[in-house]
Protein chains: 2
Amino acid sequence: MSKTETIAPAQEAWMLLLDLVGSHRATIVATAAEHDLSPMQAFALRRLEPGRPLPMNELADVLGCDASNVTGIVDRLEVRGLVERRADERDRRVRNLAVTAEGAAVREDLLRRMHTPPAEIAALSPTDQRRLRDVLRHALER
Amino acid sequence: MSKTETIAPAQEAWMLLLDLVGSHRATIVATAAEHDLSPMQAFALRRLEPGRPLPMNELADVLGCDASNVTGIVDRLEVRGLVERRADERDRRVRNLAVTAEGAAVREDLLRRMHTPPAEIAALSPTDQRRLRDVLRHALER
DNA sequence: TATTGTTATACTCTATAACTATA
DNA sequence: TATAGTTATAGAGTATAACAATA
């Protein structure tokens, strides 16, 4: 009874946001597993847009892990024929990652499932859904 | 030019939400590392509220992983004296997990850092912050 | 028979450090 | 000297299957 414990809206929003995404971790992992992809393999494939090759370097950045990990993750994607390493024209140290045709097909189905909103969001009123989208657009537009 | 490609608000909101949390994965992992905790150890500690012991069973559920993993995760937390296994009074198969005094202290600092909203949310207008919080409350109140 | 938790196994992810080939 | 990528290593997470104790 001694503490009032008022939580600022921004902090509460962030906590709720972590809870919401965290509670769907298992679903996302299962979605990747349907394509025999580990979570990191799926996240890597998500970041490799067809027609926009990415240096391994930058993939490590967006995945938030060390560059040495990307070697193994890409190895496994490449063995399955979903991704290929291409030489860079300017800098011979760089390896650009490109999705293959098969990789693009897998990626499309993967993203379709991963991006399907969960019940908590789907059940919101159309107004709340638009509100949520608009606020997140503001937050991320920079 | 052949596809109109209209994205429903709910789907776009979920995509942006995944992006926002995903882009802070490294920060969250680093926060855990400051206490020498692996990501899963930190998430487990987050779920163990002081004074509310939790069966290992249920911890596996909220962490979204197999029960066999929880054995190892809790082993490492217990070795460090942050958590302890307690016998259940009713069902002798069950082990209830309780944070120790030291575990509660670590947990408090960990959550204070983890729940600090990132720049994207902190920079929103107070109105948008309240909007985001309110919509997420609706989504999660069930 | 079903459930809780453990163990054994094999695979993936992880950071660190040392290496190569480039720049 | 610095950077891109690889390799080696050790520790942690992961699901599966088999098991013991209990229900």
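## The surface near DNA strand D

Helix α5(B) gives the most to the surface near DNA strand D, with four residues, where helices (H or I, at least four residues) are DSSP runs numbered from the N terminus. This is a predicted model, in which local features need pLDDT of at least 70 and side-chain atom pairs count only at pLDDT 80 or more, whereas totals for chains, interfaces and linings use all residues. Residues are numbered from 1 along each chain as its sequence is written, chains are lettered from A and ligands numbered from 1 in the order in which they are written, and side-chain values use heavy atoms, with hydrogens and water left out.

In total, 23 residues surround DNA strand D, and the closest are Asn57(A), Arg93(A), Ser38(B), Asn69(B) and Arg76(B); a residue is near a strand if one of its heavy atoms lies within 4 Å of it. By class, these residues divide into six nonpolar, seven polar and ten charged, where Ala, Val, Leu, Ile, Met, Phe, Trp, Tyr, Cys and Pro count as nonpolar, Asp, Glu, Lys and Arg as charged, and the others, Gly among them, as polar. Of the atoms of DNA strand D within 4 Å of the protein, 72% belong to sugar or phosphate, while the rest belong to bases.

An N or O atom in the side chain of Arg93(A) is 2.7 Å from a base oxygen of DNA strand D, whereas an N or O atom in the side chain of Thr71(A) is 2.9 Å from a phosphate oxygen. In the case of Met56(A), a polar backbone atom is 3.4 Å from a phosphate oxygen of DNA strand D.

## DNA strand C

Around DNA strand C there are 23 residues, of which Ser38(A), Asn69(A), Arg76(A), Asn57(B) and Arg93(B) come nearest. Sugar and phosphate account for 71% of the atoms of DNA strand C that come within 4 Å of the protein. The surface near DNA strand C has six nonpolar, seven polar and ten charged residues, and α5(A) gives the most to this surface, with four residues.

## How the two chains are related

A rotation of 180° with 0.0 Å of shift along its axis superposes chain A on chain B, with an RMSD of 0.0 Å, the copies being superposed by least squares on the C-alpha atoms of residues with pLDDT of at least 70 in both. That is the relation of a two-fold axis. In chain A, the C-alpha of Leu132(A) is nearest the axis, at 3.1 Å from it.

Of the interface residues of chain A, 98% are also interface residues in chain B, so the copies meet through the same surface; contact here means heavy atoms within 4.5 Å.

## The pockets

The largest pocket has a volume of about 980 Å³. On a 1 Å grid over the protein atoms alone, where a 1.4 Å probe fits, a pocket is an open set of points with protein on both sides within 12 Å along at least five of seven lines, and lining residues have an atom within 4 Å of a point; grid points are joined across faces, edges and corners, and a volume is the space filled by probe spheres set on the points. The lining of this pocket has 35 residues, of which Val21(A), Arg25(A), Phe43(A), Val21(B) and Arg25(B) lie nearest its centre, and the lining divides into 21 nonpolar, five polar and nine charged residues.

The second largest pocket has a volume of about 500 Å³. Its lining has 18 residues, with Arg107(A), Leu111(A), His115(A), Ile7(B) and Met15(B) nearest its centre, and α6(A) gives the most to this lining, with four residues.

Key
Polar contact = N/O pair within 3.5 Å; in protein donor to acceptor, adjacent residues only side chain to side chain. Helix = DSSP H or I, 4+ residues; strand = E, 2+ residues; numbered from the N terminus.
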